[in-house]
Every structure is written in C-alpha cells, then in structure tokens.
Amino acid sequence: MCTAVDSGEIIILSDDDEEYDISCSEPSVLIVEVEDVKKSDCAVTPSALDEDLVVTFSRRAEVLPHARYDCPIHPFTATEQETGAPVPGNQLICDQCFCYICDKLASTCVMWGYAGVCHCNSHKRSNFWNNRRSCALLGGLKTFNLTLSETDAHLRHADAMLQSFRKELAAHFALYMKGKAVEEYGLSIPHQQGLIYDYTPVYEFVTSFLNKADKQNDRAAAIMKLGAAEDFIRHFPISGNFIRKSPMANPAEAKVLLLNRVISSLQRQMVMTDFTPEFTRKMQDFYKKLFFPAELKYLKNSLCVRPWDDVLLVSVLKGQNVTGIRKDKGKKDVLTEQISVVLLRMEVLQRQHRYRELCRYLRVVQTDDSKLSLRQLKDLIPFFRCLEGDFTSALFSFFTSVNAPASRLTPQLFLFYLCIFKTATAPQVVVSQPSQLCYTEAAWERIQGTVPLERDALVKFGLRVQGCCSAVFTDSQCWTSFLTVVNTAPGSVSPLPAPSAKFLNEAKAVVNTVLRDQHLSNTVTIPRFFLEVYPDQALLLLVTGALSLRILNSALSPALPVLKTFKENVWALEWLWESLSSNAERLSSFCQEVSQEMQNTAGSPGPVKLFSSPVLQSQLADSFSH
C-alpha cells in the first residue's frame, strides 16, 4: 500500500500474509526519498491493489557519459567508413556525448564534422574506425603493434618523451651536418679552411635520453630505447677536412656503441623481467624491421632471445633433453644462444639457486660468439655441483673424457676446491668466470645436505689433478696444502704413529704401482688391502711417493714449507729420502737447494730437526760443505 506523509517520504510495507525467511541483514521497511509528490499521484485503481508490484512513481534516468553512437537522445546511423560528410543526424550531440576517436567530449572535438575526417560518424562496429581510434590514442606506440589493452600511463608517458626526443634529435643532427669551423675548436691552421663534423653532441644527447629511459618502468624503458635506436641508426657520417680522433665523433663508431648499449639492456630485460611473451615478441618484431646500415647488420638478430617457456629450453632445464637438439616436423632446433644471453641466464639461475638446471643448460648450450669462451663457463660446472651438494658429480665433472676442466685449474683454483671438499663449505656468490672464485670476499657457508669428503677421496682428487694439470703439479703451495691434509689423523693434531718396517717396505711397490697406473690412465685406484692396517699412514705414503716424483722431475721452490708439513712424521721423511736415493745426482742437488733455502730463510729449522736419521744428516751436511 502507498501512503503520502508530510515528511516527504514513502514507507512501503508488505501486505502479503505469507511469512518469508528474511535474513537479519534485509530491511523489512524500505524508506524511499522522493521529490515533491502530489497526493493524487499515489491514487491507484482497486484492481491494481491486488497486484504484487505497483509502480507508484518514476522519473527520467540521469544520462551518463557515453560514446556518440550510444546516445539515448539522438539516434545514430552507422556506416562502415563514411568520412566525406556527416551522416544526417550523426553530428547532433548531447552534453554527455564523447568522440569515439579522440576519447573526449564531442563538443571539444575539432574534427567532429570536418569533411574528410568526420569523427561524428565513428563507432566501434567498424574496423576502419577502430583502426582510426587506435592510431589516435596509441600515437607512436602504434608502430610497436601494441593494442589499447596493453597500454598504460607509463607507456603513454614514454611515447610522449620519445616524440619530444625525436624532434630534438633531428635538430642536433642538423647541426652536425652543418659542421663547425676549425676556429670554433680553438685551432688555427694557416692557409687552410675547412669544417669539422663532430658527432659527439649527438652521441651525448642520445646517451642522456637512454639514461632517462633507465629510470622508467621496464616496458616504458624498452619502448624508449627501441624508438631511439630506430632514429639514430639512420645517421650517417659526413666527410670533412678534419676528423676528431674520438669514437663518439664518428657516427659509424658511435652508433655501434649506442646500439650495443640498447641491445645489452633489452636482452637483460627479456631474460630477467616479467615481460609477457606477447610483449617480448612485439619488441623483437619491431627490432627486426629496423633499417640496419652495413656496419650494423651483424647485430640484426641480437634480440632473438628464447623465452623461458621455450619448449627446447624447458626440456633441457628439466633434464628431458641432454643433447640440446630438438626435431619438430623435420626441422632441427639447436639450443644456440649469444654469450651475453648465456651469462644472463647463468645469473638468474644462480640467484634462484637452481644449480642442477644450470649445469644441464651449460652442458648443451652452444654459442657462435668468440669474445668470451663458452669453455670458461662450462669449467664452472664443478663449482655449481658443489653448491648443489653433490660432491660425487662435482668430482666426475672435473675429469670428463674431452677437455677436462681439471687440466685448466690454476693453483689458486685447486686450493679453492680442496678447501670445499675438505670442509663442505663454499662462498655463496654469483660468478661468470672461474677466476672470480679465487678473489671473492663472500663468507663461506655450510653446504646443505653434504659432508666433507673422505680422506682417500681427497687424495684421489689431488693426485688426478696433478696428473693432468702441470700448473698444479709444479706449484709448491699446492703440495704444501695437499700434504697438510694427510699428515695428521682426522680430527687430531698429533703426528701419525710410525707403521711397521715391513709395511714401509711393502708400501714402495704398492705406491709405485698406483702412481704408474695413474700416469697411464689418469685414474687412481688404491688397493683395499693397502688401507686395512695403516689407512692414514698409507695415504701419507702415497702422497709422499707422488712428491718424490715431483722432486725428481725438477726443482721444487720453495721446498721448506713442503717439508715442514711432515712435522713429527720423521718416518715419512726418511721414506721420502729413500725414494729419492734412486737418483743420487738429483738427491744431491735437492739437498743443496734445501740447504741454500735454509741459509736464506731466517728462523728455518736446522737440519737436525728436519732429518733425524744419521744417514740423512750426513747427506745434508755434505750439501752444506759444497
């Protein structure tokens, strides 16, 4: 029922006797605000009182902003692409009509009824007018094949900056083409007149714009850099009487520097940012369509970067493809990437601690770039295996059948890996070259899920590296660290007890056999029986036997730090001297080298402390007398 009250409100109550399940949140009384209503407006016929719903009052709805073709006041006649003149009635507008092309009030559109344009005829059901709208609203972004749904305030701002840049760049290049008199550079050349064409101001202007782009949103930065590249790669050099000796003064050289900067930045964005595959593809298509002069053609494919969801790349990272080659419908796809892209992927995978996937990738990826050897990157696989906690795979990866990474170890790298295997700790760093491992200041942290290598495994590793890497074999510091590992028992600082004379005698044949087999096949096989009675002493003798071969091979300098590692294990030193006695001439020269080193080194232990055996003391005394 409807009742008019003095307060200007209408209270509607339900007159249905049936009960309804009404939640507490639903009002049972509805108060409706209305304008002045006459009592006669509420009068209803008796038949209407029996209806469930009675309309007692209505008013015209407020007109909201709308495109002209949706105007509720003025009818619109749609045509496909009429631009010659306004279609009858289409130019009429209300206060809320918007221009579909300009996206602003129709009353402010200067092309509303302009012959040949006629925005008043535009509507969304025409491809012609949709393209016109995209061009008008996208501006320069249209050249990147972007859609309105892909644009935002950042991209529109980037487009505005790019348009302004292009105007100023044209002015700067025009000044470059005019040239400058030599006098303007403070030069005075008698009887000669000419101009200097200096591209440096143009280079500096482009550089400043690229600096501004670096501070923008990722997508905006990509648009600005590609747009700038489109313009500056068209610049050309002008020959003058005088040429400044600067890469930035010559357009041909300056363009290479600028374009390489753009490429490097975009490659990094494509690998490290969350660009959608569609946006990345459009950036790549735009770059491929640029006009590349002869000196830049080699850079035309520089943005051909595989997305992370590439089928071949994914299969390699997951371990489903171990060759890096995929055949699809008769076509062969090889995982080949630029070295710069390989470095970027390495950085990403290291920061995400995806070391196993990184090793899979490095094993199969190929590159045509020779500036940085891919082999150097592959040599990091053992380190990544260590960080993964898989020492067994790390050791295996050192000694691959072809181009073994162990053969290229430096003494510093050998000591680095020896420390990792001995302590099960490593620095958590992001590296791109093996040499970076030796100079990192990062703290060493425990490698999760692993324990230090057993001493026999450490000995095998050290001997195999020495067998295939001359730099490690000849280095005194490597021998010092290696011998330090085996001169004490695990967890002890005390010297090793002397084994029986029988064991020392039998050890000579075993050690000689192990080292001979290692020389032939670069594998180290230690007989089990050799480690049963005196395991620690056996390992010390094995390394001592290898040291004997090193001393017989050539001079070892400095030798004292190596000999000091034996400490109180005099029995092992005597065993070393007996091994060297097979070559009396070399033994004599070695004694002279040690004695001379003792004389030159302040605070060195005397010969009695180093060699307790009377025979050895006599030999050393003879060397002093010489």
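Predicted model: local features only at pLDDT ≥ 70, side-chain atom pairs only at ≥ 80, totals over all residues.
Two strands are said to pair if DSSP finds at least two bridges between them.

The hairpin consists of strands E8 and E9, with two residues between them. Strand E8 covers residues 325–328 and strand E9 covers residues 331–334. The two run antiparallel, and four bridges join them. In the turn, Lys329 has a positive phi of about 55°.

I turn now to the helices, and to H2 in particular. Helix H2 spans residues 127–138, twelve residues in total. From its first C-alpha to its last, H2 reaches 16 Å, which is close to the 16 Å expected at 1.5 Å a residue. Which residues of H2 are buried? They are Trp129, Arg133, Ser134 and Leu138. These residues lie on the same side of H2, because they cover an arc of only 150° around the axis. Helix H3, residues 153–178, is included in what covers the buried residues of H2.

Both ends of H2 deserve a remark. At the start of the helix, a side-chain oxygen of Ser126 comes to within 3.3 Å of the backbone nitrogen of Phe128. After the helix comes Gly139, with a positive phi near 60°.

Next, helix H14, which is formed by residues 411–423. Its 13 residues reach 18 Å from the first C-alpha to the last, again close to expectation, in this case 18 Å at 1.5 Å a residue. Buried in H14 are Pro411, Leu413, Phe414, Phe416, Tyr417, Leu418, Ile420 and Phe421. Just after H14, Ala424 has a positive phi of about 60°.

Among the buried residues of H21 are Trp571, Trp575 and Trp577, together with Leu573, Leu576 and Leu580.

Finally, a word on confidence. The chain has a mean pLDDT of 86, and 85% of its residues reach 70 or more. Over residues 1–35, however, pLDDT stays under 50, and the model has 23 contacts beyond four places in sequence for that stretch. Over residues 37–42 pLDDT also stays under 50, with four contacts beyond four places in sequence.

Notes:
Residues numbered from 1 in each chain as written. Heavy atoms only, no water. Expected span 1.5 Å × (residues − 1). Buried < 20%, exposed > 50% of the residue type's maximum accessible area, 1.4 Å probe, protein only. Arc of directions from axis to C-beta. Contact = heavy atoms within 4.5 Å. Polar contact = N/O pair within 3.5 Å; in protein donor to acceptor, adjacent residues only side chain to side chain. pLDDT = per-residue confidence, 0-100.
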